[in-house]
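Please read the following points with the sequence and the model side by side.

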Amino acid sequence: MSQPPPPPQPAGALAGLRGRLISGTGALGITMVAWSVLQILAVPVFLAHWGSERYADWLAINALTGLLVLLELGINAHLGARMMVEAGRDDTSGVGRMLSVGLGLYAGVLVPGGGLVALGWLAGLDAMLGLTAPDAGTATLVLAMATLLLVPRPILGSVLSAFGRFPLAVWLGGAQQLLGLAAQIAVVAAGGGLLAAAIAFLAVAILVGWVLPLVVIRRSHPAVGFRPRWPGREEAGRILFRSGLHSVTIATTPLLQHLPVLILQRLMPDGLAVVLFTTMRTYAGALRQIVSQVVLSSAMEMTRQHHRGEESVLKRLFSLTGRVAGGAAGMLAGLLLVAGEPVFRVWTHGAIAFDPLLASVFLATCLLAVPGLLSSALLRLTDHADALVLASLLQAVLSIVLCLTLIPWSGALGAGIAVGVAELAAVGGLALRRTCRIFDLHRAHLLPAILAGVGGAVLAGGAAAGLFALMAPRTLAQLVVTGGIWTLLAGPPAIPLLLPRRLWPRLWRGALSPL
């Protein structure tokens, strides 16, 4: 017997949905822009003050210590999903219980994690990587301590997100990331070395990563306690099993971010391939940042609709999000590919040449993976981690095998191809297929992302190619002016590409409302 359709949402609920989407996406977008600007600024500062060899040492240290986030073990992902369920029932004490259990479990994880860091330092892992900077060993130890402190940090953001304050959680998390990188840039610009940059990051991790969010949560939700509690044996077993499923998926991100760098450092020890790979990934990362922020904000809202039984709203939002994210990704991909050569000339002062082939690999991977990225976020937030395990294992193993195979032949390009092929096979293949089965999604819900992406790339790339050939920008000011003209040319035609016709009047009213 078929179930009756859920009652329609009232206008206030729909307005709240749009408000949460706009504020959440806006917070993510502003944080992303600031993060991208800092990353772009960091490259010439590090290169100018440290040189490529010392900068390569710093990148390798970050890659090595970044692997410590594997100790997160998926605890926050599982308990964060349970917090959303408890908050949906207006059970503040339930959210507090999940936080206490999470802090207790993390305390049990970080103690042996500290011992692992100490053993690595005593074993001289910095020497095994071939690092040459005299303070590399001590800097590795300090950076590892900071990374360990930040492993349980996301669970504080989960508390705020569970109470519908996702934008605030984004602002606090973004502040920790942005100020951490800004502190490193300031230290390097002042003449500091690797150790000084690591100490600056540690200070931000303590003050902004922990002290600030604790104060905010205490004032906003005083009923939520912060006393760590170790769960009973049976409860701990259930939590760790579900968290373990999440951890397989979560571990894929740092592995794919850091292992190619470590393999390049080992197989290509001159440092040039490492710098080229990370710089090109940073440049193309603006595209991935935009897609990730739109996807995450919408997936949070789709999770709310799923728990409310509004599956039809979830499907419409999935299709619309894919169209917006895919179209935006395509337009930015076309621009970044055309503008790469003059941007790199200005950005790196000619120290690093733009590699259009490697850039195309990074940009195309993200563009084609948009539906898969959205599906993975939805599976994770709805606690369907078991559906992501196989895809995550495939992505990690395939990327490592392909890196070891392709890097000796083609260096940084081989690493880019390896990571891209693995992501498309796992995220755009297995994970997307499981999402379609679980949430009853069809081709009509997936095609808008790809069609808008291809259309956006053609539109934006064509406009950028003609404009950059005409203006031939060679300075930062000329690049800014050219980018502004491109926005005016490509912006209006992008509206029907990104949004269905029924939403055009709403967009127009939203644009005029501040006036």
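1. Helix 13 (residues 370–381) packs against helix 14 (residues 386–439) at an angle of about 55 degrees, and their axes lie 9 Å apart; axes here are lines fitted to C-alpha atoms, for helices over the stretch in contact, with angles running from 0 to 180 degrees between N-to-C directions. That angle makes helix 13 oblique to helix 14, since angles under 35 degrees count as roughly parallel, over 145 as roughly antiparallel, 65 to 115 as roughly perpendicular and the rest as oblique. Helices are DSSP runs (H or I, at least four residues), numbered from the N terminus.

2. This is a predicted model, in which local features need pLDDT of at least 70 and side-chain atom pairs count only at pLDDT 80 or more, while totals for chains, interfaces and linings use all residues. Residues are numbered from 1 along each chain as its sequence is written, and side-chain values use heavy atoms, with hydrogens and water left out.

3. The contact (heavy atoms within 4.5 Å) involves residues of helix 13 including Pro-371, Leu-378 and Arg-380, and residues of helix 14 including Ala-387, Glu-423 and Phe-439. The residues of this contact divide into 11 nonpolar, 5 polar and 2 charged, where Ala, Val, Leu, Ile, Met, Phe, Trp, Tyr, Cys and Pro count as nonpolar, Asp, Glu, Lys and Arg as charged, and the others, Gly among them, as polar.

4. How many salt bridges does a search of the whole structure find? There are 3, a salt bridge being a side-chain nitrogen of Lys or Arg within 4 Å of a carboxyl oxygen of Asp or Glu.

5. One of them joins the side chains of Arg-288 and Glu-423 at 2.9 Å, N to O. Because Arg-288 lies in helix 10 (residues 272–308) and Glu-423 in helix 14, the pair ties together parts that are 135 residues apart in sequence. Glu-423 is buried, at 6% relative accessible area, whereas Arg-288 is partly exposed, at 29%; buried means under 20%, exposed over 50%, and partly exposed in between (1.4 Å probe, protein chains only).

6. Lys-315 and Asp-440 meet through their side chains in another salt bridge, at 3.2 Å, N to O. This pair also links distant parts of the chain, with Lys-315 in helix 11 (residues 311–347) and Asp-440 in the loop between helix 14 and helix 15 (443–471), 125 residues apart.

7. In the salt bridge of Glu-341 with Arg-345, the closest N and O atoms are 2.5 Å apart. These two residues of helix 11 are 4 residues apart and so are separated by about one helical turn.
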